[in-house]
Amino acid sequence: GFSWRFVTAGGTILDQGSELVAAPQASVRVRAVQGRSKLRVNVNPNQGPRYWKFRVQRQRADGTWATKKTYRTRKPAEVRTLNLRRGTYRVWVKPKFGHEGTMSTEATLTR
């Protein structure tokens with residue numbers, strides 16, 4: 001956030017205020033590759049040359065989520081294709097660079 005004020009040379013405050021600014025949110029897009037056991041992950045598209053950690057999570061039979069593996073992007077706006085087993089997955093991007101973390105939508109691999 002930030003605050004501001006207009007002050008005269010004599011020290012009188014003429015106006016002031018403050019504003020809260022939400023941290024930008026990391027972004028991730030996830031989709032299943034049709035007919036394949038592959039998950040396509042695009043972390044923070046078009047957000048510059050920053051490198052991010054993201055966790056691929058698989059849904060268990062009881063509905064809870066287990067982290068299968070943690071990855072790090074290798075280049076800006078990277079799209080990575082991961083070979084995975086059949087199941088429902090989501091990707092969590094760790095907060096970094098003043099961004100909030102984020103969770104992807106779910107994608108289900110049927111093969």
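These notebook entries record what I looked up in the structure.

**Ground rules.** I am working with a predicted model, in which local features need pLDDT of at least 70 and side-chain atom pairs count only at pLDDT 80 or more, while totals for chains, interfaces and linings use all residues. Residues are numbered from 1 along each chain as its sequence is written, and side-chain values use heavy atoms, with hydrogens and water left out.

**The three-stranded sheet.** I took strands as DSSP runs of E with at least two residues, numbered from the N terminus, and I called two strands paired if DSSP finds at least two bridges between them. On that basis I found an open sheet of three strands in the order β3-β4-β7, with antiparallel pairing. Its edge strands, each pairing on one side only, are β3 (28-32) and β7 (79-83). The twist from one strand to the next averages 20 degrees, where the axes are lines fitted to C-alpha atoms and angles run from 0 to 180 degrees between N-to-C directions. I then looked at β4 (residues 38-43), which is joined to β7 by five bridges, the two strands running antiparallel; Leu39 stands opposite Leu82 of β7.

**The β5-β6 hairpin.** Seven bridges join β5 to β6 (residues 65-72), again antiparallel, and I noted Trp65 in β6 as the bridge partner of Gln59. The two strands form a hairpin with five residues between them, and Gly63 in the turn has a positive phi of about 90 degrees.

**Aromatic pairs.** I paired rings of Phe, Tyr and Trp (its six-membered ring) if their centres lie within 6.5 Å, with planes under 30 degrees apart counted as stacked, over 60 as edge-to-face and the rest as tilted. The count by this rule comes to two aromatic pairs. Phe54 and Tyr71 have ring centres 5.4 Å apart and planes at 20 degrees, so I logged this pair as stacked. Because Phe54 lies in β5 and Tyr71 in β6, the pair ties together parts that are 17 residues apart in sequence. For accessibility I used relative accessible area with a 1.4 Å probe on protein chains only (buried under 20%, exposed over 50%, partly exposed in between). Phe54 counts as buried at 1%, and Tyr71 counts as buried at 14%.

**The nonpolar core.** I defined such a core as a set of buried Ala, Val, Leu, Ile, Met, Phe, Trp, Tyr and Cys residues joined through side-chain atoms within 4.5 Å. The largest one has 16 residues, and those with the most contacts inside it are Leu39, Val41, Phe54, Val56 and Val91. At least two residues of this core come from each of β3, β4, β5 (53-59), β8 (87-93) and β10. Taking contact as heavy atoms within 4.5 Å, and not counting residues up to four places away in sequence, I found that Leu39 touches residues including Val30, Val56, Leu82, Val91 and Leu109.

**Two loop residues.** I looked up Ser104 in the loop between β9 (102-103) and β10 (107-109), and it is buried, with a relative accessible area of 9%. Its side chain reaches the backbone nitrogen of Val91 at 2.8 Å. Residues up to four places away in sequence aside, Ser104 touches Val28, Val30, Arg90 and Val91. Arg36, in the loop between β3 and β4, is partly exposed at 47% relative accessible area. With the same exclusion by sequence, Arg36 touches Leu109 and Arg111. The C-alpha atoms of Arg36 and Asn83 are separated by 8.6 Å, although these residues are 47 residues apart along the chain.

Conventions
Helix = DSSP H or I, 4+ residues; strand = E, 2+ residues; numbered from the N terminus. Polar contact = N/O pair within 3.5 Å; in protein donor to acceptor, adjacent residues only side chain to side chain.
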